[in-house]
Every structure is written in C-alpha cells, then in structure tokens.
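This briefing is for a reader who is new to the structure. It starts with one term, then takes the topics in turn.

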Amino acid sequence: MNTDEVKRVGEVIEASTTEFVAQCYELYQSPPLGSLVKTKDLPLELYGVVYNATTTSLEPGRRPIARGKDEATEDEIYRSSPQLLKLLRSEFVALVVGHKDNGKLHHYLPPKPARIHSFVYQCPPDEVREFSQSFDFLNILLNAPIPVPTEEIIAACIRQMSQAYEDRHAFLVAAGKELAILLSGNLNQLKAILGGIRG
Amino acid sequence: MTQQEENQRLGIVVSGSLNKGVEVRLDSSASVEDMAVGRFVTIEGQKRRFFGMITDISLGVIDQNLTITPPNTSDPFIAEVLAGTSTYGTIHVLPTLTIGGDVATMIEGPQSVKTVPSHFSVVNLASQRDVELVFGSEDEKKFYIGTPLDMETKVCLDLAEFVKRSNGIFGKSGTGKTFLTRLLLIGMLQKGTAVNLVFDMHSEYGWESRSEEGRKVKALKQLFPSKVAVFTLDEESSRRRKVSTDFVVRIGYDEIEPEDIALLRQTLNLTEASVQAVYQLAREFGDRRWIEATLAMEDGDETKQLLTRLSIHESTYRNLRRGLETIRRLPFLLPHSPDNPVRRILEYLDKGINVVLEFGRYTDITAYILVANLLSRRIHAQYQEIMERAIGEDIAPPHPLVITIEEAHKFLNQEVASQTIFGIIAREMRKYNVTLLVIDQRPSGIDSEVMSQIGTKITCLLDNERDIDSVLTGVPNKSELKSVLSKLESRQQALIFGHAVPMPVVVRTREYGSAESYRDFISTKESKQAEKDIDELWK
C-alpha cells in the first residue's frame with residue numbers, strides 16, 4: 001500500500017472492545033471529527049470513527065497557565081516557550097464500527113480490541129468507499145453510549161465519508177434514506193442529522 | 001419500449017387478501033404520480049406469476065408525527081431522503097389471473113386466481129407480452145377493440161362468446177357510446193359472428209354522421225355495403241342525407257297489439273285503468289281492428305252505452321283517447337300497411353344481411369318504443385319458431401341475432417321489464433339465438449334482474465353513484481372497479497368486464513373515423529365499392 005495515501009495519525013494508548021484512544025504524534029494533529037481511521041492487529045484490521053478529540057497537559061494534575069500577557073500573537077507564545085509542545089498532548093477517541101478479518105470486511109464489532117501502541121492510520125478514499133458500501137455501521141453509531149451527541153457524530157461521519165465520493169449528493173441521499181429507516185420512530189433525531197448532512 | 005422499461009419494478013407486496021386484493025409498497029424509485037388506476041401489473045410469486053390491475057393508490061407515512069409536523073420539504077435533499085422511506089406510496093392491486101408457473105396455466109392459458117402472492121413478492125408493470133398473453137391477439141373470432149392504458153398492445157374481445165349473451169354499453173352522454181357501438185357492430189360484421197338488427201334512434205349507424213368535432217364519420221353501410229341494409233321510417237330525412245335506403249317501413253294500426261300500448265303507458269301518460277281498457281276494447285273489437293275502431297268512436301249515446309257495458313269510466317276513455325291520438329300522429333303509421341316490415345327484416349337477416357332501422361326525424365321516444373317493441377316481438381317469435389323447428393328437424397339453427405336498442409332504460413325499467421320483449425330476450429338469453437346489445441346512459445333505470453343477465457358490460461365514464469352501482473351489480477370486487485370506473489377519462493376510454501374478456505380491463509378505444517381506420521376494418525376480400533370509397537378519401 002502506498003504510504004503517501006495511508007497517513008499515520010497516532011498510536012493506540014487505551015483500548016476496549018467498543019473504542020480505542022490514540023495519541024497524536026504532533027500536537028493538534030488529530031484526524032477530523034467523524035473520519036474513518038483504522039488500526040491493525042493482523043490478521044485483524046479494526047475500523048473506528050473519530051468521535052472525540054482532546055488536548056490536555058501531559059500530567060493529569062498539572063493545568064497549563066495563561067502565558068500570553070506580554071506576547072503580541074498566539075504563535076509567539078509557543079515560540080518563546082518551545083517546551084510547551086512537549087508538555088501538552090493531543091488525543092482522539094474512535095468508536096469501533098467494524099473490522100476486516102483476513103481481508104473480509106464486517107460491519108460489526110471485532111473479536112478482540114486493539115493492541116496498545118498499534119499505529120492508527122487515516123483511511124484513504126478507496127477504503128472509505130469500500131467500507132461505506134454498507135450502512136450497517138450507522139446502527140452501532142446510533143446506539144453507542146458516548147458523551148458526545150450522537151446526531152453530531154453521525155452527521156460528521158457521513159459528511160466525511162461523502163468526500164470520498166464523486167457523486168456526493170447520491171451518497172448523502174442513500175445514507176439519509178438508511179437513517180430514515182433506522183430512525184423511523186424518532187423523527188426529531190432524524191431531522192437533526194439530516195440538517196447536519198445537507199449540502 | 002425498451003426491455004428495461006418493460007420489466008419496470010414497482011415495489012413489493014406487503015399485505016392483502018384474495019377478496020380485497022393486495023397492498024403493494026412502492027419502491028422509492030417508483031413515483032406515486034406515475035401510477036394510474038386501471039394499469040396492469042404482474043406479481044412474481046414464488047410459484048406463480050399473477051396478473052392484476054391497479055385499483056387504488058394511496059400515500060403512507062412511517063410515523064404519524066410526520067403528518068402533524070411535516071418536514072421542510074422545500075429542501076430537495078430532505079424531500080429526496082424521505083421519499084420512499086418515511087413517506088411512501090402504496091398501490092392496491094387486484095390480482096385476477098395467474099399466468100404461467102403451474103401446469104394448468106401452461107396448457108390452458110391464464111387461470112383465475114385462487115390465492116394471493118406471498119409476502120414481499122416483487123411487483124412489476126406488466127409487459128406487452130403479458131398483456132398479449134391475457135387478452136389474446138386478433139384472429140377469426142377475436143376483435144381488436146382498443147389498447148390498455150399507456151400500452152400499445154391490443155385488447156381483443158372474443159366476439160363468438162360476446163354474442164352468446166346480452167351485452168351492454170353504458171356511459172354518460174358524450175363519452176363515446178356511439179363510437180363504441182359502431183366498433184362492436186363492425187366487429188360482429190367483420191367476424192360474421194352474428195347478424196344485427198339496429199334500432200337506430202339518431203340515424204348514426206347506417207350511414208355517415210358527424211362526430212362531436214364536426215368530422216364526417218362513415219358508418220356500416222358505407223363500409224360493408226353488401227352486408228348491411230338500411231331501413232328507414234322517415235324516407236324524406238334519409239333522402240336528404242343521401243342515404244341509399246333499402247326499405248321504407250310503414251306500420252299498420254292493425255299490427256299494434258294491446259301489449260304495445262301497455263309498454264307506452266309511461267310515455268303516453270296513460271293510467272292503469274286506461275291500459276285495462278285497451279285490453280277490453282281489443283276483446284270487443286278484435287286484436288287487429290281495435291285502434292281503428294276506438295279512434296272512430298264518436299261522442300254520442302252509442303259510445304256511452306259501449307263504455308257503460310265495458311264499465312270503462314269516462315275519464316279513462318278520455319285519457320286513452322288522448323294517448324291514441326298521439327300515436328295516430330306518427331306519420332309512419334297507416335291504417336293498413338302495404339308491406340310487412342317484419343317479413344322484410346327477417347328476409348334480410350336470414351340472408352345474413354344486417355339491418356339498420358333509421359328513425360329519421362321521429363326521434364321521439366314514443367315512436368322508438370312502439371316500433372322497436374313491435375318489430376322485436378314479432379321477430380323474436382319468428383326466431384323462436386325457426387329455432388324450435390331447427391331443433392326438431394335437426395337442421396342448422398338461424399344466424400345468431402343481436403338486437404341493438406338505445407335508451408334501454410325505457411324498455412327495461414323495473415315496471416315494464418317483465419312485460420317487454422326485451423326483458424324476455426335479456427332473461428332467456430341465447431336459447432333462441434337472440435340477444436340484446438343495450439345502449440344506455442342511465443343504467444340505474446334498468447331492472448336489476450335484467451342487468452344481472454348482461455354478459456359483457458362496456459362502460460364509459462359514469463359519475464352518478466346509482467348508475468355505477470347498478471352497472472357493477474354482481475361483479476366481484478365491486479368497490480375496486482368502482483374507483484377505476486369513476487376515474488375514466490370522458491372520451492375514448494372504457495372499462496370492459498364480463499363474459500367476453502378474461503378480466504376487467506380499461507381500454508383506450510380503437511381509433512374510428514380516419515381513412516386508415518376504415519381500411520383496417522375492411523379485409524381484402526371485401527367488396528370493391530368500399531375500397532373505392534376509401535381510395536377516394538385518400539385523394
């Protein structure tokens with residue numbers, strides 16, 4: 001696989017059956033909300049949708065302090081205190097939405113969670129298209145007990161995926177129709193998501 | 001139509017019953033607005049293919065809240081997503097036949113349904129081939145009457161079956177009953193399945209007349225000169241219209257029997273007592289002389305004595321007298337007719353020549369009822385005699401005879417249906433090889449007993465509830481057909497159901513009136529004269 005296309009975005013530092021947390025190699029370089037990422041534990045390949053990203057201090061008890069009083073711009077702060085880049089870290093959390101077992105794609109949870117220190121890659125458009133041939137993963141997203149509003153994550157995820165398609169509109173409509181069926185009993189949630197993926 | 005369009009998928013069966021038909025949920029790709037009641041569909045069951053007709057179309061929502069707080073459909077994206085998922089269309093299909101699949105249908109063709117397709121069977125628009133399979137193609141017995149909605153396939157009537165029973169053509173005024181009747185008459189002529197006697201009230205079947213658009217339309221005699229004879233009651237009118245008539249009908253008073261007057265009770269405004277008086281007078285003076293004698297009675301003691309003797313009240317006599325005066329004013333009635341029209345008509349019919357009786361200016365209903373009844377009664381009696389002789393002596397029965405009457409509710413309404421000859425013909429059907437083709441715009445006026453005996457009904461648009469009900473009496477799945485019937489277009493569309501078609505069908509009637517259509521009607525072996533006429537039209 002071409003390394004130009006497969007962008008490495010982090011490394012797993014915490015994992016469970018339903019999600020994994022990865023730390024970014026560079027501060028603030030977490031993949032966009034809703035994007036499809038994957039991590040490998042051959043022969044398994046786990047797919048996740050980024051649903052949350054955080055930037056915090058390296059040490060849990062130590063909060064950053066305001067430093068810009070005498071600086072002209074925000075960038076100046078980082079230039080005058082280069083250690084900051086090492087004292088802070090960016091992490092993101094991905095919800096596991098499917099996996100590939102021996103090259104075969106499944107839209108359900110993998111038999112075991114990701115390994116710590118596995119590399120996390122952002123999926124290239126080809127793979128996004130392959131994965132989104134089926135919308136079964138939407139059900140996992142809809143029912144995930146995550147602290148972020150589900151509607152937002154689903155909308156973001158569909159928006160992200162649609163970028164891999166030439167005919168974005170057709171993809172959005174197809175996804176919308178799937179959601180309309182899944183959310184037949186919850187019209188307001190459906191409206192919120194559709195509002196988020198429109199155009 | 002391309003192959004792909006032929007197998008256009010509409011949706012899947014989701015519920016239903018044999019009695020009420022099945023519900024089909026439309027795919028999101030099939031628009032509700034493209035559906036039309038009366039269209040044919042096929043349902044691919046697991047073991048059989050079903051053939052049916054769309055009888056209703058409706059809208060559904062997955063969640064009632066959608067109807068209360070409708071989404072913002074001005075946004076095309078939202079509208080597109082919701083179409084076919086949260087909001088969807090359903091069509092109601094009445095499966096009527098099975099085509100292909102089991103042994104019986106392979107050997108004997110389409111069979112009527114005895115079950116319903118299983119859940120989620122795929123529903124397609126019927127292809128040309130399917131429709132052909134069901135309605136057959138034109139042959140010696142089958143006559144092409146029109147095409148189904150949105151299709152080019154021919155719907156054919158089995159005319160041999162058709163003439164075995166009495167048939168009806170119904171529809172509001174101006175919906176094309178006359179054109180349909182012409183078509184059917186031509187069909188019967190062309191296929192030679194029966195001879196026709198047409199009581200042509202408005203003189204439009206024998207010789208050319210004008211269509212509503214003012215175009216000249218040719219009629220039977222011009223298309224089949226050797227097979228049609230035009231009789232007329234009104235020589236002058238026929239001459240003015242340059243009709244070549246074969247016989248001028250004159251009827252003598254002596255041929256009018258008391259029963260003929262009884263039928264005219266309503267139109268002549270006679271009381272029940274007057275009708276009784278007619279019978280008494282007929283007994284007194286004799287069946288053949290009574291009208292003349294009654295009309296000759298003068299006010300005086302003699303008359304009074306006679307009336308007292310017959311215990312006829314003075315007012316009854318006046319009432320009857322007024323009625324008879326009306327009849328006397330009909331110019332085609334003479335004290336004695338020089339020729340016998342019944343014999344003449346029978347001569348022609350016997351030779352296999354169809355007779356159209358034009359009424360010319362006498363479009364008055366009294367004249368029509370009187371003449372139609374009088375002639376039909378005698379012709380029927382003769383037919384009965386010939387038929388009985390044919391059975392007894394084992395010789396060929398006479399040609400099947402079809403009598404065409406207009407304004408049928410005047411002959412076949414509840415009060416007189418039991419008395420008129422038409423009521424009898426309609427009921428006893430084909431025993432004597434005489435059947436009716438009734439044309440009417442108020443079918444609700446026709447006796448329900450007669451209506452139920454009508455084999456094939458062809459109805460154009462009807463919008464009166466009672467008329468629709470009466471046309472559909474005795475038809476299974478009445479309510480489904482009702483919605484189809486009331487949605488017909490007001491021109492050139494008709495619903496055909498009954499004996500001569502395997503299932504109810506809505507047709508756009510075959511074109512009539514262009515030179516090309518005439519050419520289609522006349523096969524090559526027809527007379528040279530007609531071909532010459534056609535050629536002239538082309539010049």
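A residue is called buried here if 20 or more other C-beta atoms lie within 10 Å of its own, and exposed if 12 or fewer do. The structure is a predicted model. By that definition, 46% of the 539 residues in chain B are buried.

**Chain B overall**

- Chain B has 24 helices and 23 strands.
- Along the principal axes, the C-alpha atoms of chain B fill a box of roughly 95 × 55 × 50 Å.
- Among contacts in chain B with a separation of 6 or more, 69% join residues 24 or more positions apart.

**Contact between chains A and B**

- Chain B contributes 15 residues to the contact, and chain A contributes 13 residues.
- On the side of chain B that touches chain A, helix H2 (65–68) and helix H3 (76–82) each supply at least two residues.
- The largest share of that side of chain B comes from H3(B), with 5 residues.
- By class, the residues on the side of chain B that touches chain A are 7 nonpolar, 5 polar and 3 charged.

**Helix H15 of chain B**

- H15(B) has 15 residues, which at 1.5 Å a residue should span 21 Å; this agrees with its end C-alpha atoms, which are 21 Å apart.
- The buried residues in H15(B) include B:Tyr317, B:Leu320, B:Gly323 and B:Leu324.
- Viewed down the axis of H15(B), the buried residues fall within an arc of 130°, so they line one face of the helix.
- The face of H15(B) turned away from the buried side carries the exposed residues B:Glu314, B:Ser315, B:Arg318 and B:Glu325.
- The packing partners of the buried residues of H15(B) are helix H11 (265–268), H12, helix H13 (290–296) and helix H14 (301–309) of chain B.

**Packing of H12 with H15 in chain B**

- Helix H12 (residues 272–285) of chain B packs with helix H15 (residues 314–328) of chain B at an angle of about 80°, and their axes are 9 Å apart.
- Angles of 65 to 115 degrees count as roughly perpendicular, and H12(B) is therefore roughly perpendicular to H15(B).
- From H12(B), the contact is made by B:Ala273, B:Ser274, B:Ala277 and B:Val278.
- From H15(B), it is made by B:Thr316, B:Tyr317, B:Asn319, B:Leu320 and B:Gly323.
- The contact of H12(B) with H15(B) has 5 nonpolar, 4 polar and no charged residues.
- B:Tyr317, B:Leu320 and B:Gly323 of H15(B) take part in this contact and are among the buried residues of H15(B).

Terms used
Residues numbered from 1 in each chain as written. Chains lettered and ligands numbered in written order. Predicted model: local features only at pLDDT ≥ 70, side-chain atom pairs only at ≥ 80, totals over all residues. Contact = placed C-beta atoms within 7 Å. Helix = DSSP H or I, 4+ residues; strand = E, 2+ residues; numbered from the N terminus. Nonpolar A, V, L, I, M, F, W, Y, C, P; charged D, E, K, R; others polar. Axes fitted to C-alpha atoms, helices over the stretch in contact; angles between N-to-C directions. Parallel < 35°, antiparallel > 145°, perpendicular 65-115°, else oblique. Expected span 1.5 Å × (residues − 1). Arc of directions from axis to C-beta.
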